[in-house]
Amino acid sequence: MGRRTTALTMMLASLGLAACSPGPERSVPARGAMLFQQTCAACHGSDGRGGSAPDLTHLAMDARGTFPSIEVLARMHDGGDAMPAFRDLALGPTVVVEIEEGIGTPVPEDMLAIWRHLETIQRPDL
Ligand code: HEC
């Protein structure tokens with residue numbers, strides 16, 4: 001495991017450094033909002049509060065206050081019964097994200113952007 005772990009740790013370290021510069025971090029949710037309009041809004045509503053598909057603004061609340069990161073990423077990637085799979089969002093560059101403490105996983109940038117956007121529209125007060 002040694003070599004792989006080291007590479008991952010280095011990637012996580014560089015992600016940590018990148019997070020210190022305000023530019024890219026701030027633009028991720030904005031890009032996510034745009035991608036959400038293009039790819040998800042037709043079914044989930046432009047504000048994510050549901051349409052022909054479920055409301056996505058209480059995912060965190062349904063999961064006892066913690067935004068269900070892995071489930072949301074998996075759902076985007078694999079789709080559902082009546083939801084198409086968005087594997088093609090995985091075609092762009094990836095960044096390594098710490099999904100759980102100490103566990104990093106490569107996530108496609110576009111998926112990450114939508115995921116961050118969804119996190120910002122969670123409503124705690126339902
Ligand atoms: C063609 C319509 C359609 C599109 C486009 C769509 N979804 Fe869905 N989505 C659904 C439906 C319908 C469900 C309900 C369960 C099922 O049928 O799979 C769902 C369920 C979900 C869930 C689970 C909700 C819950 O309450 O557990 C998430 C998360 C989700 N979608 C995210 C997204 C994201 C993010 C996008 C854009 C990348 C997207 N969806 C695009 C139709 C769609």
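Met34 is located in helix α2. In this predicted model, Met34 is partly exposed, because 13 other C-beta atoms lie within 10 Å, a count between the limits for exposed and buried residues. Along the chain, Met34 and Ala113 are 79 residues apart, yet their C-alpha atoms are separated by 9.2 Å.

Helix α2 spans residues 22–39 and also contains Thr39. Thr39 has 17 other C-beta atoms within 10 Å and is therefore partly exposed. Thr39 is 50 residues from Leu89 in sequence, whereas the C-alpha to C-alpha distance between Thr39 and Leu89 is 9.7 Å.

## Overall architecture

The protein contains 6 helices and 2 strands. Their order along the sequence is α-α-α-α-α-β-β-α. The chain has 126 residues, of which 14% count as buried.

## Surroundings of the ligand

There are 18 residues around the ligand, and the nearest of them are Cys40, Cys43, Ala53, Gly80 and Met83. Two helices, α3 (41–44) and α5 (69–78), each contribute at least two residues to the shell around the ligand. By class, the shell comprises 13 nonpolar, 3 polar and 2 charged residues.

Met83, one of the residues that come nearest to the ligand, is situated in the loop between α5 and β1 (94–100). Met83 counts as partly exposed because it has 15 C-beta neighbours inside 10 Å. The C-alpha atom of Met83 is separated by 9.7 Å from that of Cys40, although the two residues are 43 residues apart along the chain. Cys40 is likewise among the residues listed as nearest to the ligand.

## Packing of α5 against α6

Helix α6 comprises residues 109–120, and its axis comes within 11 Å of the axis of α5, with a crossing angle of roughly 130°. The two helices are therefore oblique to one another, since this angle falls between the range for roughly perpendicular axes, which ends at 115 degrees, and the range for roughly antiparallel axes, which covers angles over 145 degrees. The crossing of α5 with α6 is right-handed.

On the α5 side, the residues that meet α6 are Val72, Leu73 and Met76, and their counterparts in α6 are Met111, Ile114, Trp115 and Leu118. This contact between α5 and α6 consists of 7 nonpolar residues, with no polar and no charged residues.

Ile70 also belongs to helix α5. Ile70 is exposed, because 10 other C-beta atoms lie within 10 Å and a residue with 12 or fewer is classed as exposed. Ile70 and Trp115 are 45 residues apart along the chain, and their C-alpha atoms are separated by 9.9 Å. Trp115 is itself one of the α6 residues that meet α5.

Arg64 occupies the loop between α4 (59–62) and α5. The phi angle of Arg64 is near 55°, a positive value in a residue other than glycine. Most residues other than glycine have a negative phi.

Arg64 has 7 other C-beta atoms within 10 Å and is therefore exposed. The loop position of Arg64 is thus described by both a positive phi and an exposed setting.

Methods
Residues are numbered from 1 along each chain as its sequence is written. This is a predicted model: local features need pLDDT of at least 70, side-chain atom pairs count only at pLDDT 80 or more; totals for chains, interfaces and linings use all residues. A residue is near a molecule or strand if its C-beta atom, placed from the backbone, lies within 6 Å of it. Helices (H or I, at least four residues) and strands (E, at least two) are DSSP runs, numbered from the N terminus. Ala, Val, Leu, Ile, Met, Phe, Trp, Tyr, Cys and Pro count as nonpolar, Asp, Glu, Lys and Arg as charged, and the others, Gly among them, as polar. A residue is buried if 20 or more other C-beta atoms lie within 10 Å of its own, exposed if 12 or fewer, and partly exposed in between; C-beta atoms are placed from the backbone. Axes are lines fitted to C-alpha atoms, for helices over the stretch in contact, and angles run from 0 to 180 degrees between N-to-C directions. Angles under 35 degrees count as roughly parallel, over 145 as roughly antiparallel, 65 to 115 as roughly perpendicular and the rest as oblique. A crossing is left-handed if the near helix is turned anticlockwise from the far one by less than a right angle, and right-handed if clockwise. Two residues are in contact if their C-beta atoms, placed from the backbone, lie within 7 Å.
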